[in-house]
Amino acid sequence: MNRVLGFKLGAIALLILLLLVPLMMIDGLVSDRQYQREEVLRDIARSSSFSQNITGPILVVPFVKKNHKWKTVTATGERYMEEQTSQGRLYFLPERLAVKGDIGTEERARGIYKALLYRSNSQISGSFKLPDRMGLGDELGMYEFGKPILAVGISDVRGISNDLQLNINGNKLSFAPGSGENLLGEGVHAELPQLDSQGGQTLEFAFNLKLQGTEKLTLTPVGRDTQVELTSTWPHPSFTGDYLPHTREISAEGFKANWQTSFFATNMEEVLNQCIRRGDCETLSSRSFGVSFVDPVDQYLKTDRAIKYALLFIGLTFAIFFLFEVLKRMAVHPVQYALVGMSLAMFYLLLLSLSEHLSFALAYAVAASSCVLLIGFYVSFVLRSAARGGAFAGLLALLYGLLFALLGAEDYALLMGSVLVFGVLAGIMVLTRKLDWYSVGKTAQPTYQLDN
């Protein structure tokens, strides 16, 4: 390899490395703008309500347990009975829990950033079946029960938008603020009439809950048999949590999803007992499922992904540029390579700024077209031919099209990228198969004027 060719290849490699500096700066700018957007979204959520998780309802029965023990006075041997009392609560999960929710969405904007809010209208119903003798067996006589409550945990009570009324066994009761139970955190509760201490009683309940939130809505399946049906006009749901929908339908008009779980799948009784005994209620609150309302077009994520392909993109462009140079026996100065490289880097800055105001596809088209036209115009003079400049611009436009396809085909990005690199390498090998590389650079004379 002659000295001129070695110097040229070394200069190109150095330029590619130097171009990483502005690309890293643009990537940092993407992260900064993304952070600013997240801050705005959190601020909007602070002003309205955050993600919502519904846990319950759970039937809570407070009690006082009286235990009598015989004791003996050591000095006299006299015996007497001492009464010891302790307080606690009994917890009962629903035998059946059904939730049917209809969810609408709306956008809230602050500056150039938008947040998606949802409003759910849910009908929650089910039943409790109390065990015989409250599950206490022969010790039932040692217990005195207080007024039971129906407790519902709601992660952000600011989102409640209706006057909650409980219908239980045909009687209407009002909910009060606070879940009334530390295990559930925030929420609401309703005081119930005194229960039959002999147990065996069935309580049928129903209430309507209108709830506002952001990002996602989840529910904890506390019922022995839990059935949830959610419908919405939002066409881009992401189903989250420990359990996926049993059935789901997604279309441009929205989605409909159904979940069905049982105690065999959730082990909810054991989870609740662990929460009571150890105070470890993280599993109780996290064993949930629901839906996230995601934005399918995240311009910052796509721009960041585009920058990850920048080194490959610039390398391929320089390879095409170098191919024109050696095949046409022309001399292209490293400064001209640098100017083309800076134009390629500017594409990502244009893409970032335009995508904040236009759709990502349109922003990509405008940024790519601007760079292709600029580079095509410049290269026409560098290569001393408008036809060559047009051909170079056409190849560059093809690369931008392939990059856009890579961004849209996440599952096949590696395959498409590998095929692209292989295709470019194969093209270079075919075009230069008869080239005498020892003669490259010896006869080329630099010129920078377009032929008349």
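Select Glu249 and Lys256: the glutamate stands opposite the lysine, which sits in strand E16. This is a predicted model, so read each stop as computed from it.

Now show the two strands whole. E15 covers residues 247–251 and pairs with E16 in the antiparallel sense, over five bridges. Look at the turn: two residues lie between the strands of this hairpin.

Pick Glu229 here; opposite is Asn258 of E16. In a regular strand, side chains alternate between the two faces of the sheet.

Next, the pockets. Rolling a water-sized probe over the atoms shows where empty space is left.

Select Arg37, Leu41, Lys114, Ala115 and Asp295. Of the 29 residues lining the largest pocket, these lie nearest its centre. The space there is about 980 Å³. Color helix H1 (3–47) and strand E4 (113–129): each gives the lining at least two residues. H1 supplies the largest share, five residues. By class, the lining has 14 nonpolar, six polar and nine charged residues.

Move to the second largest pocket, with a volume of about 390 Å³. Its lining counts 20 residues, and Tyr91, Phe92, Leu93, Pro131 and Glu269 are the closest to its centre. Select strand E2 (79–92), E4 and helix H3 (268–278); each supplies at least two lining residues. Here the classes are 13 nonpolar, two polar and five charged.

Note on methods
Residues are numbered from 1 along each chain as its sequence is written. This is a predicted model: local features need pLDDT of at least 70, side-chain atom pairs count only at pLDDT 80 or more; totals for chains, interfaces and linings use all residues. Side-chain values use heavy atoms; hydrogens and water are left out. On a 1 Å grid over the protein atoms alone, a cavity is a set of points where a 1.4 Å probe fits but cannot get out, and a pocket is an open set with protein on both sides within 12 Å along at least five of seven lines; lining residues have an atom within 4 Å of a point. Grid points are joined across faces, edges and corners, and a volume is the space filled by probe spheres set on the points. Helices (H or I, at least four residues) and strands (E, at least two) are DSSP runs, numbered from the N terminus. Ala, Val, Leu, Ile, Met, Phe, Trp, Tyr, Cys and Pro count as nonpolar, Asp, Glu, Lys and Arg as charged, and the others, Gly among them, as polar. Two strands pair if DSSP finds at least two bridges between them.
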